Each structure stands twice: as structure tokens, then as C-alpha cells.
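Trainee: I am new to this structure. Please show me how to read it, feature by feature.

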Amino acid sequence: NTNTNTNTNTNKTKFTMAAPASDLRCLPDGPSDGITDLRYFTDANDVELLASTSWDGSLRIHNTDKATNKLMCQQNMDAGPLLSLSSCPSGKSLFVGGLDGSVRKLDIEKSIVSTIGYHSSEDMDTDTDMTSTACSCLVSLSFDDEISTTIVASAGWDSTFYLWDVENTNANVDTVAKPIATIKLPDKAFSMDVDPSRGNRIAIATSGRRLCIIDVTRTRTISGNDENNDNKYTYEAKMVMDRESSLKYQSRVCRFFPNGVGLAVGSIEGRVAVEFLNELDVDSNGVKRYAFKCHRAESTVYPVNAIAFHPTFGTFATGGCDGGTVTWDGLHKKKLTILPSVPSSVAALAFNGKGNELAIASSYTFEEGERGDGMGIGGAGKDEIYVRSMEDVEVQPKKK
């Protein structure tokens with residue numbers, strides 16, 4: 001850790017500005033229990049929508065346009081509490097990971113739920129403790145071609161990484177596939193992200209403060225003169241990095257920079273580390289990894305639950321158990337904008353495709369354990385999803 005400056009303080013900067021509190025808009029018919037994930041996606045009709053998962057077991061889809069602002073779909077996924085969420089490139093399907101260890105798919109157009117597979121060797125109808133195999137992390141991979149095959153990666157509390165070929169379950173809704181690849185992780189998986197610049201590189205933050213990178217490669221298989229072999233592939237997953245995080249306390253979230261040069265990692269101790277992948281020959285342009293304090297109020301330190309990168313500018317927003325959301329210029333070590341606070345902890349964040357809207361999940365994340373009121377900070381605030389229009393000046397990088 002000789003290159004780590006763990007006490008860099010990006011809070012003290014004259015560039016910081018506060019946004020008006022009236023800008024938040026609450027979506028109707030939100031989740032009734034803890035919100036776990038948010039994701040914007042563009043559907044088959046080229047309409048951008050917001051999907052969300054929660055502990056109430058339902059997958060919801062909202063149209064966040066001001067003129068519409070409505071719940072478009074609510075689907076019980078029969079997986080118990082939902083912990084993770086991803087979408088396919090076509091926008092026709094969504095994938096969720098459940099506390100029961102299942103990976104499931106929703107065909108949006110047909111409203112059909114199918115099971116892709118389980119984080120165990122057997123279906124969860126057995127006496128297996130379902131929490132030990134919970135699917136806490138889920139991402140969809142992409143490759144540089146036009147074939148329709150969708151590859152989904154998952155990881156969970158069984159300390160295992162799984163790779164799934166979703167096409168194997170399309171023909172029969174009742175078909176449960178076996179993973180096409182698995183890798184044993186150092187410990188329980190808490191957060192996972194896919195490198196948007198590559199589509200096949202995955203970062204995983206586990207307990208024990210480990211940070212892993214897995215690369216997925218694909219090889220076309222051809223047998224004989226069968227012309228139908230054109231789109232048949234085999235996949236291989238390989239752990240290419242496993243190192244200790246520069247943060248001293250447990251990681252809660254990790255996210256790739258849009259250009260894949262590095263990662264932002266948030267911890268329970270109110271810090272974010274900006275990590276680079278120099279051992280993988282990724283050029284960080286001379287910038288060394290560092291960490292900074294955030295989401296703190298005097299002597300109170302709040303966990304960092306969520307990080308979302310702006311799709312255009314490469315800056316990012318963080319959300320914490322203080323109910324606050326702040327935007328940062330990670331490469332220039334600048335705090336940009338303090339956004340309006342929400343009534344409870346910020347459990348998840350997501351920018352839309354253009355980066356001009358930010359979704360914020362306000363939901364108690366049990367950072368203080370069970371509470372009699374069942375609500376967030378000071379007993380205030382139920383589970384809600386807010387959206388906010390973002391101006392370029394709030395997320396643009398600052399010049400040195």
C-alpha cells in the first residue's frame with residue numbers, strides 16, 4: 001500500500017455547491033420494504049425506464065418522465081427478498097437475484113418469470129439455509145458483436161462466482177440451467193460491477209476487504225460442416241486479480257470508471273477509495289490510488305452504500321446512511337455538488353443513460369440493526385424512490 005494516500009480530504013474545496021432541496025421528485029407506488037437496487041434501461045420501444053428491487057420480493061418498473069411519472073409494472077419474482085438486479089442489452093428482459101439463491105428472468109413483454117439457475121447444487125425446495133446461498137450480486141455481460149446470446153454473471157454469500165447462459169432457459173420456462181463456469185471467491189460477495197468499456201471484465205468486493213477482478217473470454221466452437229455452429233461459443237472465467245482493498249474497513253460497494261481505468265470503492269467507515277488496475281497493465285495516466293473521507297457529521301461516521309458513475313463525464317455520485325448524496329470528480333480529487341438529502345439512508349443510486357437524471361433510493365439499510373420504528377434516521381422516512389434532474393455543472397469535471 002505504498003502508493004495509497006488514505007487521508008486525502010476532498011471535502012475542503014471552494015468548488016463545492018449545494019443544490020436546492022425542492023428538486024427531488026418521489027415516484028408513486030414504490031417498494032414496501034427495503035430497496036436493494038436501481039437500474040435504468042431502455043425497453044424494446046426505445047423508452048427509458050427505471051427498474052427497482054426490494055425486500056418485498058417484487059420487481060418494479062417506473063416511467064420517470066415528469067409527464068408520466070407512474071408505475072408501469074410490478075412483478076412478484078417468487079424468489080423471496082430480491083437483492084440484485086440487471087438488464088439485458090435488448091431491454092426485453094430483466095434479471096434478479098434472490099435471497100433464496102436463485103437467478104431469475106422477467107420477460108417484460110410477456111410478463112413471464114423463469115428461473116435461470118440457483119446458487120447451489122440442488123433446488124431450494126430442500127432444507128438448505130437459503131441465506132447461505134443468497135444471490136447478492138448480478139451483472140449482464142456484453143461482447144463486440146450482434147449475436148443475441150446473453151451472458152449473466154452472479155455472486156453471493158456462498159463465496160462463489162457463477163456464469164450463466166440465459167439462452168439455455170428460453171425454450172422452456174421450467175428449465176433450470178447449470179452454470180457454464182464457476183470460481184471460488186475469497187469470501188462473501190457484497191458488490192459487483194462490469195467494466196462498461198470492455199463488457200467482459202468484472203469487479204467484485206467481498207468480505208475480508210478483498211477486491212477481485214474476473215475476465216470472461218469466449219471462443220467460437222465449430223464442429224464439422226455444420227453451418228449452425230456460427231453462433232455457438234464456449235466461455236471461460238478467470239480470476240486475474242485478487243488483492244486487499246486500500247480501505248481499512250469493510251467494503252460495501254464497488255463501481256468501475258466508465259473508461260475502465262479504475263474503480264471507486266465505498267466502505268462502512270465513511271470513505272471512498274479510488275483504485276487503479278496497474279497490475280493488469282491498465283494505464284492510470286500517472287494518477288495513484290487514494291482514499292477520501294465522506295458522509296460524516298462531526299464525530300458521526302456513516303457507511304457509504306452506493307456509488308453511481310455519470311455515463312458521459314466520468315464523475316460519480318455517492319450515497320450514504322446520512323441520507324446524503326454528493327457528486328465527486330475522482331480523478332481531480334474534487335467535491336462537486338451536495339444534493340438534497342432524503343429522509344432515510346441512501347440505499348442505491350443510478351444515473352439514466354444521458355446522465356441528466358439521478359434516481360435515489362431512500363431506505364433504511366439496517367446500519368443500526370433492528371429498530372422499533374422500522375424506519376430510517378431518527379425514525380423518519382419510509383422506503384421511497386426519488387428522481388432528480390441533473391445539470392451539467394453539477395457533474396462536470398473540474399480543471400486542475
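Mentor: Begin with pairing: two strands pair if DSSP finds at least two bridges between them. Strands (E, at least two residues) and helices (H or I, at least four) are DSSP runs, numbered from the N terminus. Here is a case: Arg104 has Thr115 in E11 as its bridge partner.

Trainee: What should I know about the model itself?

Mentor: It is a predicted model: local features need pLDDT of at least 70, side-chain atom pairs count only at pLDDT 80 or more, and totals for chains, interfaces and linings use all residues. Residues are numbered from 1 along each chain as its sequence is written, and side-chain values use heavy atoms, with hydrogens and water left out.

Trainee: How many helices and strands does the protein have?

Mentor: The count is 0 helices and 32 strands.

Trainee: Which strand pairs with E10, and in which sense?

Mentor: Strand E10 (residues 102-107) pairs with E11 in the antiparallel sense, over 6 bridges. Leu106 stands opposite Val113 of E11. The hairpin of E10 and E11 has 4 residues between the strands. There, Ser111 takes a positive phi near 55°.

Trainee: What is the order of strands in the sheet that holds E10?

Mentor: The order is E8-E9-E10-E11, in an open sheet of 4 strands with antiparallel pairing. Strand E8 (82-87) and E11 are the edge strands, and each pairs on one side only. On average, neighbouring strands of this sheet are turned by 25° against each other, direction ignored. For such angles, axes are lines fitted to C-alpha atoms, for helices over the stretch in contact; the angles run from 0 to 180 degrees between N-to-C directions.

Trainee: Is E11 mostly covered or mostly open?

Mentor: First, the cut-offs. Buried means under 20% relative accessible area, exposed over 50%, and partly exposed in between (1.4 Å probe, protein chains only). Strand E11 (residues 112-118) is mostly covered, with 6 of its 7 residues buried. Across the 400 residues of the protein, 55% count as buried.

Trainee: Which strands make up the sheet with E32?

Mentor: That open sheet has 4 strands in the order E3-E32-E31-E30, again with antiparallel pairing. Strand E3 (25-26) and strand E30 (346-351) stand at the edges, each with a single partner strand, so one side of each has no neighbour in the sheet. Strand E31 (residues 357-362) and strand E32 (residues 384-389) pair over 6 bridges. Ser362 has Glu384 in E32 as its bridge partner.

Trainee: What is Glu384 in contact with?

Mentor: Contact means heavy atoms within 4.5 Å. Leaving aside neighbours within four places in sequence, Glu384 is in contact with Cys26, Leu27, Ile35, Ile360, Ala361 and Ser362. Glu384 counts as buried, at 14% relative accessibility.

Trainee: Cys26 is among those contacts. How many disulfides are there?

Mentor: A disulfide is a pair of cysteine sulfur atoms within 2.5 Å. By this rule the count is 0. Cys26 is partly exposed, at 32% relative accessibility. Cys88 is buried, at 8%.

Trainee: How do I read a nonpolar core?

Mentor: In soluble globular proteins, nonpolar side chains tend to be buried together. A nonpolar core is a set of buried Ala, Val, Leu, Ile, Met, Phe, Trp, Tyr and Cys residues joined through side-chain atoms within 4.5 Å. The largest core has 31 residues. Ile213, Leu263, Val272, Leu277, Phe292, Ile307 and Phe316 touch the most other members. E22 gives the most to this core, with 4 residues. A second, separate core has 22 residues, including Val139, Leu185, Val194 and Tyr233.

Trainee: Which residues other than glycine have a positive phi?

Mentor: Two asparagines are examples. Asn69 has a phi near 45°. Asn69 sits in the loop between strand E6 (58-63) and strand E7 (70-76). Asn285 has a positive phi of about 60°. Asn285 lies in the loop between strand E22 (271-276) and strand E23 (290-293). Asn285 is exposed, with a relative accessible area of 69%.
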